[in-house]
Amino acid sequence: MTQHAIVKRLSGQDVAEISLLRQVECSMHCDSCGGCLKPPAGEELLALAKNPIGAKPGDRVEVETTTGNSIGMALLVFGFPCLALVLGYLAGGWLHWSEMASIGLGAAALVVSFVVLWGVNRSVTKHHPTQFDIVGFAR
């Protein structure tokens, strides 16, 4: 997916901090709008991007999300909690617990799955912080 962004500052060799522009609000006709020059306070979305083209602060650029393993991560984020809930409920039935106890075990498994996913998110974010590539200058 390609988006427009403004380079805020350089963060090391071939890495830039960018401010992502919302697609709905920005048609990249800044001379008539001027909206992207002063984003509303607290609504700026900052990210790190690989900068192979040597963009400098203030440049308007096109960025592309790194494709990586986004389908696998989506399956993990949405599928793992559902699977944990069902398996927790079924485990309660297999242990011959009451209906409410099985539901409670399913809910506990769901909470545990959220904690596991939180840890996975921290690990992925720590080891793969760059999620965007600058592919060109915006017209």
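## Fold

The chain contains 2 helices and 5 strands, where helices (H or I, at least four residues) and strands (E, at least two) are DSSP runs numbered from the N terminus. Along the sequence, these elements follow the pattern β-β-β-β-α-α-β.

The model is predicted, so local features need pLDDT of at least 70 and side-chain atom pairs count only at pLDDT 80 or more, while totals for chains, interfaces and linings use all residues. Residues are numbered from 1 along each chain as its sequence is written, and side-chain values use heavy atoms, with hydrogens and water left out.

## Burial and contacts

Of the 139 residues in the chain, 24% are buried; buried means under 20% relative accessible area, exposed over 50%, and partly exposed in between (1.4 Å probe, protein chains only). The chain exposes about 9,600 Å², of which carbon and sulfur atoms supply 64%. Accessible areas come from the Shrake-Rupley method with a 1.4 Å probe, and for residues only the protein chains shown count as cover.

Among contacts (heavy atoms within 4.5 Å) between residues at least 6 apart in sequence, 74% join residues at least 24 apart.

## Nonpolar patch

Leu83, Val86, Leu87, Tyr89, Leu90, Met100 and Ile103 make a nonpolar surface patch of about 680 Å². Helix H1 (70-94) and helix H2 (99-127) are the elements that give two or more residues to this patch. H1 supplies the largest share, 5 residues.

Patch residues have over 30% relative accessible area and no salt bridge, with nonpolar side chains (Val, Leu, Ile, Met, Phe, Trp, Tyr) joined within 5 Å and like charges within 9 Å. A salt bridge is a side-chain nitrogen of Lys or Arg within 4 Å of a carboxyl oxygen of Asp or Glu. Leu83, in helix H1, is partly exposed, with a relative accessible area of 48%.
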